Amino acid sequence: MLLRRLTLCSRIPQDSQRHVYRLFTRSLTQVPNGRAHGGSFAHRGELRQAKRIVVKLGSAVVTRGDECGLALGRLASIVEQVAMLQNQGREMMIVTSGAVAFGKQRLRHEILLSQSVRQALHSGQNQLKDMSLPVLEARACAAAGQSGLMALYEAMFTQYSTCTAQVLVTNLDFHDDQKRQNLNSTLQELLRMNIVPIINTNDAVVPPPEPNSDLQGVISIKDNDSLAARLAVEMKADLLIALSDVEGLYNSPPGTDDAKLIDIFYPGDQQSITYGTKSRVGIGGMEAKVKAALWALQGGTSVVIANGTHPKVTGHVITDIVEGKKVGTFFSEIKPAGPTVEQQTEMARNSGRTLASLHPDQRSEIICQLAELLTEKKEEILAANKMDMDLAVSAGHLPPAMLKRLSLSPAKLNSLAIGLRQIAVASQDSVGRVLRRTRVAHNLELEQITVPIGVLLVIFEARPDCLPQVSALAIASGNALLLKGGKEAANTNRVLHQLTQEALSMHGVREAVQLVSTREEVEDLCRLDKMIDLIIPRGSSQLVRDIQRAAKGIPVLGHSEGICHVYVDADASVDKVIKIVRDSKCDYPAACNAMETLLIHRDILRTPLFDQIIDMLRTERVKIHAGPRFASYLTFSPSEAKSLRTEYGDLECCMEVVDSMQDAVDHIHKYGSSHTDVIITENEDTAEQFLQQLDSACVFWNTSSRFADGYRFGLGAEVGISTARIHARGPVGLEGLLTTKWVLRGDGHTAADFSEHGTMKYLHENLPVGQPLAGRRDSN
């Protein structure tokens, strides 16, 4: 049997055969566990379990734009993905088009060459002047191109030490029981031997498809879509990936004004679809693809239709689908009870526009009502929180710092209610405030006013108190809000969201705040660039970095790291140093505004102040990591810091020595994260230089870094701390959730009125600001 396997792969280079042997003979423990085939996957996330996968390559994917020849680069990237999944232990099959296009290229070349030879032979007789190409018959093209197409696949897969086998089929092979059994047996044996079958209809002999020729319960092989569906069901495949030249299934023809990509398609939704024309090549269309997909789905195979031609995604489209990412249209038999995240976002936007148009007193009433509900429903909230805490403790995967964030108490809820009432007061003059008013000309007045940003997506981890805080800020600023909380706080978040929507209902804007409770991945949410205007992550530095990488076209407000420094100057007060350093590090070590690096002026070394700092840190059980220069001063130093750019988030910190205030500034610029940095000194000139030179969001003199907080700044609450250079910086409260628009009130003015020959002149007079007056006109 082993000899037979190696004979099949005899064309693989000798130096690759040992690797192939290992692939063929690897133990079953290396192969991902499949599932009992009986039904399709209900959710995209389950596609990771797919073991047997059929990849259908449409004509538009395989062929070039001129329909003559193959798109080699595109094909190579697809082969690479299929080979990678095959080598992970999955069973891959390819249903491919392309033989006609490959043959057309070959026959055209032969015809042109033949005509050129005959033209040369008869050049003196002037008999052959017409070099036009005849219309090529598709069957002839398929016959000429099939061998070349297979040779190309074989050469490409050989680069990944993967064997292939060609299988040509016709409709009769599925209608004849014996032939169907033979085909099934052949494919099963190839898959068992870790060979990728490459299947195509035998277009050289296949008859034209007959309309409406499907047998009862059986789909006829009219194109490669129906072939792939029939093959997937016959082979009990877990997943069918159909690649075409469109992003997926749209509710109307792509390119039309109201066309929307359908993320998940359910049987029974066919009536809501308007199909367009077929692709530029091939004999199928989207209607044929949907019919084939639904037939495969009914047979127990999950289906995804996606774009295999887009240059930015072709290199990872197949692997992204298998990883469960939101790519193309996923066909599912199970329709969720609630709305999709796209529908939730649309509902939030529509309701958010109504929220923004409410009178400030009405928005304030909603927030005050939410504060009251936090007090009235305290027992219900704490009961839900206890369920989350019990689950987290029993699971044992949350560190103590995160358990502390997850926990709610009566005192926390009371504090939340107080903060919400502060936001309610601040909301009175937030939306619609006039920042600038200019009389451009007579009866032409320009105003710049504050307006909501639009739809906010706030992603937070095990921190349920974040939900009412952020909701109140969104309501105060007139923004729609989409919330994605950590699963650790699912029960608490659900209750808090219900209370938020109850408060919103008093003025008919219940849907303005939505809680995403579906199985959406954060990365998928970050791709909704046409629906979400700003993403605000609340959580670990890793979460923020992941979101910043995933967000394409959506701005992210936040900071990925909180590497905060405290610099102790040579002129520092002993009492202030001990108080500020202790509070900055030990008050809440997991906070993003906690001190991570303590910079000591060189003159303080070996002084009583230095000894007091060390004794205090030891008393507080703070582990010290010595910077390289600090370590050089000590005979027996603490463990040396692995990096001067570390956010410990615990009772640990780095300690380093600098020669001056300027050295401290340079160190912070090099190793800091532009979050919050502190100087402790009694020298006012030194302090002012530090405050002016340091480029951080928050720069403090003689105060703890823990003051970098929206509540302590008097903002009522914050949605996060931003280290960005534009829009909002530092603790971001209500003001950071607003943008502006320009309103121009005129009286029939045109640009021509101000031209060289016009009758009007610009005044550009600045006017007092205040609340905008609708319909206001200059009385002069």
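This is a predicted model: local features need pLDDT of at least 70, side-chain atom pairs count only at pLDDT 80 or more; totals for chains, interfaces and linings use all residues.
Good morning. Let us begin with an open sheet of 4 strands, whose order is β23-β10-β9-β24 and whose pairing is antiparallel. Two strands are taken as paired if DSSP finds at least two bridges between them. The edges are formed by β23 (738–745) and β24 (765–767), each with a single partner strand, so one side of each has no neighbour in the sheet. On average, neighbouring strands of this sheet are turned by 25 degrees against each other, direction ignored. Within the sheet, strand β9 (residues 434–441) and strand β10 (residues 444–452) run antiparallel and are joined by 6 bridges. V434 stands opposite I449 in β10.

Residues are numbered from 1 along each chain as its sequence is written, and side-chain values use heavy atoms, with hydrogens and water left out. As for the element names, helices (H or I, at least four residues) and strands (E, at least two) are DSSP runs, numbered from the N terminus.

Which strands pair with β4? Strand β3 (residues 163–169) pairs with β4 in the parallel sense over 7 bridges, and C163 has I195 as its bridge partner in β4. Strand β2 (residues 91–96) also runs parallel to β4, joined by 2 bridges; the partner of V95 in β4 is I199.

Is strand β4 (residues 195–201) buried or exposed? Since 7 of its 7 residues are buried, β4 is largely enclosed by the rest of the structure. Buried means under 20% relative accessible area, exposed over 50%, and partly exposed in between, with a 1.4 Å probe and protein chains only. Both faces are covered, with I195, P197, I199 and T201 buried on one side and V196, I198 and N200 on the other.

Axes are lines fitted to C-alpha atoms, for helices over the stretch in contact, and angles run from 0 to 180 degrees between N-to-C directions.

Finally, helix packing. Helix α21 (residues 574–586) packs with helix α22 (residues 608–619) at an angle of about 25 degrees, their axes 10 Å apart. That makes α21 roughly parallel to α22; angles under 35 degrees count as roughly parallel, over 145 as roughly antiparallel, 65 to 115 as roughly perpendicular and the rest as oblique. In contact (heavy atoms within 4.5 Å), V574, V577, I578, V581 and R582 of α21 meet L609, Q612, I613, M616 and L617 of α22.

Helix α13 (residues 360–376) and helix α18 (residues 490–504) pack at about 140 degrees, with axes 8 Å apart. These two helices are therefore oblique to each other. Thank you.
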